[in-house]
Amino acid sequence: MKTNNFRSPLFYMGDKFKLLDQLKDKFPKKINNFVEPFTGGGSVFLNINANKYFLNDRDKYLVGLHKHLIKSSKSPDIFFKKVKNTLEKYELSRSYEEDIIPKNLRKKFIKTYYAQFNKQGYTKLKNDFNNNTKIDYLSLYILLILGFNRILRFNSNGKFNLPVGNVDFNKNTVTALNNYFKVIKNKKVKFYNQDYKKFLSKINFRKYDFLYCDPPYLITAGEYNKYWNENEEIELLKKLDELNKRKVKWALSNVIEYRGKKNKILTDWSKKYESFNIKSNYISFNDNTIKTFKEVLIYNYEK
Ligand SMILES: C[S@@+](CC[C@H](N)C(=O)[O-])C[C@H]1O[C@@H](n2cnc3c(N)ncnc32)[C@H](O)[C@@H]1O
């Protein structure tokens, strides 16, 4: 797919990368402060022009990774050197630099040779990461990139518990990292790690500020949907009503229909505002089949 948009190097589940052109087309043209309470991987803010960015997510590891990458953008060479050292130390695949998968392994496991090759080193890196009293974000980033479906998944004891994936630290990853480093250097970004309600309560919205919300969806499955429920949804919609009264411009991404399930609360509420149907296909990671579903952008301003 040819595009001028940058994909976040976090390759976040459910990221908006493929829908960016449709979203950008509906966003206000002039933005002073861009406010994003559910930033996720960051594919949206990376591709929006604004004077300043107020970003937030409740996932502390995700925000930690963003902060680590932002810091690394000052010296990408050192970052890539550390990546290389870690991949070499744990004997993990790194096709962006060299192909180290033995031919016989490729032949024996035609479709899963990366997972087979990386399994041992991945487990060792994961154990070392989990036994470290300090969070080592470089290791966490590598675990994410080489992990199954690239999900930031921790158990209740705070231990990272994603199994190895059939993936590689490849050229796409390096391109996405370089783009992130390049783009972030020219942006004034502030990252927060709070519940969205607390985060929004502290924002002093002014003319030309724009709030974009991409919360977890009530009717789809996802690692980050765990803490989302009808009450959270209702609270968010109330907050958007309140901001609408204060003439703050906002847009909300969401899914109103999925596998026969409908989000009635949202559908009823959305009638007060503008609604745009996004053209998209959703590929389920669980069964790899394509399901069509109804995804929308609801917004409170004239286009
Ligand atoms: C649909 S994802 C956002 C994806 C993002 N648009 C992207 O392109 O990567 C929703 C995000 O909301 C975060 N989240 C869930 N509940 C939250 C809450 N109560 N406050 C703030 N963030 C929350 C999740 O950690 C997740 O990253």
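Buried here means under 20% relative accessible area, exposed means over 50%, and partly exposed lies in between (1.4 Å probe, protein chains only). Strands are DSSP runs of E with at least two residues, helices are runs of H or I with at least four residues, and both are numbered from the N terminus.

Strand 10 pairs with strand 5 (residues 249–258) through six bridges, and the two run antiparallel. Within this pairing, S253 stands opposite L297 of strand 10. Strand 7 (residues 274–278) is also joined to strand 10 in the antiparallel sense, over five bridges. Here I278 has E295 of strand 10 as its bridge partner. Two strands count as paired if DSSP finds at least two bridges between them.

## Basis of the model

The model is predicted: local features need pLDDT of at least 70 and side-chain atom pairs count only at pLDDT 80 or more, while totals for chains, interfaces and linings use all residues. Residues are numbered from 1 along each chain as its sequence is written, and side-chain values use heavy atoms, with hydrogens and water left out.

## Ligand surroundings

There are 21 residues around the ligand, and Y12, G41, D57, D195 and D214 come nearest. By class, the shell holds eight nonpolar, six polar and seven charged residues. Ala, Val, Leu, Ile, Met, Phe, Trp, Tyr, Cys and Pro count as nonpolar, Asp, Glu, Lys and Arg as charged, and the others, Gly among them, as polar.

A backbone N or O atom of G41 lies 2.9 Å from an oxygen atom of the ligand, and for K16 a backbone N or O atom lies 3.1 Å from a ligand oxygen atom. Taken alone, the ligand exposes 600 Å², of which the protein buries 98%. Accessible areas come from the Shrake-Rupley method with a 1.4 Å probe.

T39 lies in the loop between strand 1 (33–36) and helix 2 (43–46). T39 is buried, with a relative accessible area of 5%. The C-alpha atoms of T39 and Y212 are separated by 9.1 Å, although these residues are 173 residues apart along the chain.

The domain assignment gives domain 1 (17–58 + 194–299) and domain 2 (76–175). Their C-alpha centres lie 31 Å apart. The bounds come from an automatic or database domain assignment.

Methods. Near = heavy atom within 4 Å. Polar contact = N/O pair within 3.5 Å; in protein donor to acceptor, adjacent residues only side chain to side chain.
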